[in-house]
Amino acid sequence: MYPNGSVLTLVLTLHSLELTETSIYPAFIFGLITYLFILLCNLTIIITICLNRNLHKPMYILLLNLPLNDAMGATSLFPQLLHSIWSQDRSISYPACLLQGFFVHLNGGASYLILTAMAYDRYIAICCPLRYGAIMTNNNLVKIITGMWLFNVIIIIVVFSLLIPYRICQTHMTDLVCYKTALMKLLCDGIEVNNIFGLSCIIFYHGLSLSVVAFTYIHILITCVTNKQTDAKIKALQTCGTHLVVFLLLEFITLFPLLSHRSEIIPAFLRRVFSISNFIFPPLVNPLVYGFKTKEIRQKMFTCFKNKISSF
């Protein structure tokens, strides 16, 4: 048993990566390339939106939060993971683990809130086009972005604050990442309180997102069916299709590991694989989907690329 006063010096052990000596260097190189490619893809989207005034519209400003969040999520995992692969040392201090867990959950919560705000924006643009300019003003846009980030930060702070009052009985983690559920299993008591609040947060985030997305897409579909303008209908469906692909991918990748921690039926190996997939697939898929499927961003990216080539 470890008293509260010693948690600052407490060292935890994350679950072993189970790498053989011959696979250490290939795994490190693969992980490093993956991380750099994620940063490159997301920074490309960020720079493209920031440098082109034509993209300074509510839809793209909301979208800008997604690559920022994806880059933050990947950075919360890969540096520590790459260090572990290189040194074969899975130890991490308790404060560092709490910090990683904070940003891991901040990334997950923000992903849902950003996609929810983007769904609302598309709903107003397609279903209430004449009121779009009056509703999605710069002032309201700042309120939406500030509100969702502030709300998310407060919730995640509360989630991890519930761990602090309780004593720690063990130091071996059952996961590859410092998830709240993995940290919760280290406690001597207080597991029920943390579990109930954690499940409440999961239900809230997923329930809010699913409700808003379902509501907006039903109305968007109705509007597209009744709209006689074929070009406008196709453009609306393409935009919403891109958003829906990203949302469904997020739902599948995040919901499975969160619920699997609370079930003994799911194999531990499968649970650990899915626990890190959330930091690989969305940050890779999101910029590719939005970069190549969104016409305006794709055109600006190609224009910037041609200008760079011609300048040499």
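Let's start with aromatic pairs: the structure holds ten of them. I count rings of Phe, Tyr and Trp (its six-membered ring) as paired if their centres lie within 6.5 Å, and I call the planes stacked under 30 degrees, edge-to-face over 60 and tilted for the rest. Take tyrosine 25 and tryptophan 86: their ring centres are 5.6 Å apart with the planes at 75 degrees, so this pair is edge-to-face. It links distant parts of the chain, with tyrosine 25 in helix H1 (residues 24-51) and tryptophan 86 in helix H2 (residues 58-87), 61 residues apart. Both tyrosine 25 and tryptophan 86 are exposed. For accessibility, buried means under 20% relative accessible area, exposed means over 50%, and partly exposed is in between (1.4 Å probe, protein chains only).

Now look at tyrosine 35 and phenylalanine 78, an aromatic pair that is stacked, at 5.4 Å centre to centre and 15 degrees between the planes. Tyrosine 35 lies in H1 and phenylalanine 78 in H2, so this pair ties together parts that are 43 residues apart in sequence. Here tyrosine 35 and phenylalanine 78 are both buried. Back to the other pair for a moment: ring pairs link Tyr25, Phe28 and Trp86 into a cluster.

A word on what you are looking at, friends. This is a predicted model, where local features need pLDDT of at least 70, side-chain atom pairs count only at pLDDT 80 or more, and totals for chains, interfaces and linings use all residues. Residues are numbered from 1 along each chain as its sequence is written, and side-chain values use heavy atoms, with hydrogens and water left out.

Stepping back to the whole chain, there are eleven helices and two strands. These are DSSP runs numbered from the N terminus, helices being H or I with at least four residues and strands E with at least two. From the N terminus on, the order is β-α-α-β-α-α-α-α-α-α-α-α-α. Of the 312 residues in the chain, 46% are buried. Among contacts (heavy atoms within 4.5 Å) between residues at least 6 apart in sequence, 78% join residues at least 24 apart.

Next, the end of H2. Glutamine 88 sits in the loop between H2 and strand E2 (91-93). Its phi is near 55 degrees, a positive value in a residue other than glycine. Glutamine 88 counts as partly exposed, at 40% relative accessibility.

How many salt bridges are there? The count comes to one, taking a side-chain nitrogen of Lys or Arg within 4 Å of a carboxyl oxygen of Asp or Glu. The partners are aspartate 121 and arginine 122, with the closest N and O atoms 2.8 Å apart. Aspartate 121 is buried at a relative accessible area of 1%, and arginine 122 is buried too, at 13%.

Last stop, the second largest pocket. Among the 21 residues that line it, the closest to its centre are Leu17, Leu19, Leu81, Leu176 and Ile276. H1, H2 and helix H9 (268-277) each supply at least two lining residues, and the largest share, five residues, comes from H9. A pocket here is an open set of points on a 1 Å grid over the protein atoms alone, where a 1.4 Å probe fits, with protein on both sides within 12 Å along at least five of seven lines; lining residues have an atom within 4 Å of a point. Thanks, everyone!
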